[in-house]
Amino acid sequence: MDGVRNIVILTGAGISAESGLRTFRADDGLWEDHRVEDVATPQAFRRDPGLVQRFYDARRENVLAAEPNAAHRALARLDEEWDGELLIVTQNIDDLHERAGAKRVLHMHGQALSAWCLACDARHRWTGTLLDGPGCPACGEVAMRPDIVWFGEMPYEMERIFSALARADLFVSIGTSGAVYPAAGFVQQARSAGARTLELNLDRSQGSQWFDESRLGPASALVPLWVEEVLSE
Ligand SMILES: [Zn+2]
């Protein structure tokens with residue numbers, strides 16, 4: 001691809017929806033029939049930790065049962081074969097990019113399969129439940145919470161993301177609504193740094209006007225075609 005060496009890809013709910021994983025919907029504010037305020041804020045966790053732990057225990061189970069789809073596999077292929085810089089920034093908490101084989105992945109909103117100990121700050125890969133109050137493998141305290149960035153909390157690794165955006169020649173947004181900041185602002189960051197911008201989405205997103213090009217359709221169809229295009233140029 002002409003003059004493109006550094007690629008930043010942002011992925012969102014749309015790419016995992018085709019693997020059967022539902023996520024927070026901005027239009028009605030519900031996530032698996034729960035109000036976001038009840039399960040995805042630090043206040044909710046203080047008020048009713050059992051409800052929140054049960055909710056993420058169920059999300060963890062869903063993630064373990066899901067399989068990567070053609071879009072995840074195509075991005076893993078790009079990661080494998082692209083010798084320029086590449087960063088896949090995902091808003092998703094599942095591990096489907098990694099299970100498809102992608103390595104250069106950053107989870108800005110945390111991960112369902114990770115537990116974070118509030119006593120010693122250790123993070124552990126976690127595939128079981130937290131509702132039953134297991135002790136932290138590092139310090140033994142019963143103080144683990146889902147390693148998820150809740151509403152009102154700072155997304156992970158913003159510095160690394162902005163530095164990648166500042167160097168990007170091409171920014172591609174896949175399956176995101178363009179409604180949730182700060183991710184919704186990445187396209188503008190990339191543009192002002194001189195990157196070309198492309199959106200692959202089911203519908204036009206709220207930020208569509210910021211993209212040089214929008215291709216509409218399911219990620220499992222659009223992403224493999226786009227990756228093929230990038231790697232064959
Ligand atoms: Zn600990």
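**Reading a sheet, a zinc site and a helix pair**

Colleague: In what order do the strands of the open sheet stand?

Modeller: The open sheet has 3 strands in the order β7-β6-β8, paired antiparallel. Strands here are DSSP runs of E with at least two residues, and helices are runs of H or I with at least four, numbered from the N terminus. Two strands pair if DSSP finds at least two bridges between them. β7 (123-125) and β8 (144-148) are at the edges with a single partner strand each, so one side of each has no neighbour in the sheet. From one strand to the next the twist averages 40 degrees. This is a predicted model: local features need pLDDT of at least 70, side-chain atom pairs count only at pLDDT 80 or more, and totals for chains, interfaces and linings use all residues. Residues are numbered from 1 along each chain as its sequence is written, and side-chain values use heavy atoms, with hydrogens and water left out.

Colleague: How many bridges join β6 to β8?

Modeller: Strand β6 (residues 110-117) is joined to β8 by 5 bridges, and the two run antiparallel. C117 stands opposite M144 in β8.

Colleague: Which atoms coordinate the zinc ion?

Modeller: Donors are N, O and S atoms within 2.8 Å of the metal (3.2 Å for Na, K and Ca); water is not among the atoms, so sites may look incomplete. Here the SG atoms of C117, C120, C136 and C139 coordinate the zinc ion at 2.3 to 2.4 Å. Along the chain the spacing of the donors is C-x2-C-x15-C-x2-C. C117 lies in strand β6 and C136 in the loop between β7 and β8, so this pair ties together parts 19 residues apart in sequence. C117 and C136 are both buried (under 20% relative accessible area, with a 1.4 Å probe and protein chains only).

Colleague: What arrangement do the 4 donor atoms make?

Modeller: Ideal angles for four tetrahedral donors are 109.5 degrees. The 4 donor atoms around the zinc ion subtend angles of 107 to 111 degrees, which makes the arrangement tetrahedral (all angles between 85 and 135 degrees).

Colleague: At what angle do α5 and α9 pack?

Modeller: Two packed helices are described by the angle between their axes and the distance between the axes. Axes are lines fitted to C-alpha atoms, for helices over the stretch in contact, with angles from 0 to 180 degrees between N-to-C directions. Helix α5 (residues 70-81) and helix α9 (residues 219-232) pack at about 20 degrees, their axes 7 Å apart. α5 and α9 are therefore roughly parallel (angles under 35 degrees).

Note on methods. Four donors count as tetrahedral if all angles lie between 85 and 135 degrees; four count as square planar and six as octahedral if opposite donors are over 155 degrees apart and all others between 65 and 115; anything else is irregular. Buried means under 20% relative accessible area, exposed over 50%, partly exposed in between (1.4 Å probe, protein chains only). Angles under 35 degrees count as roughly parallel, over 145 as roughly antiparallel, 65 to 115 as roughly perpendicular and the rest as oblique.
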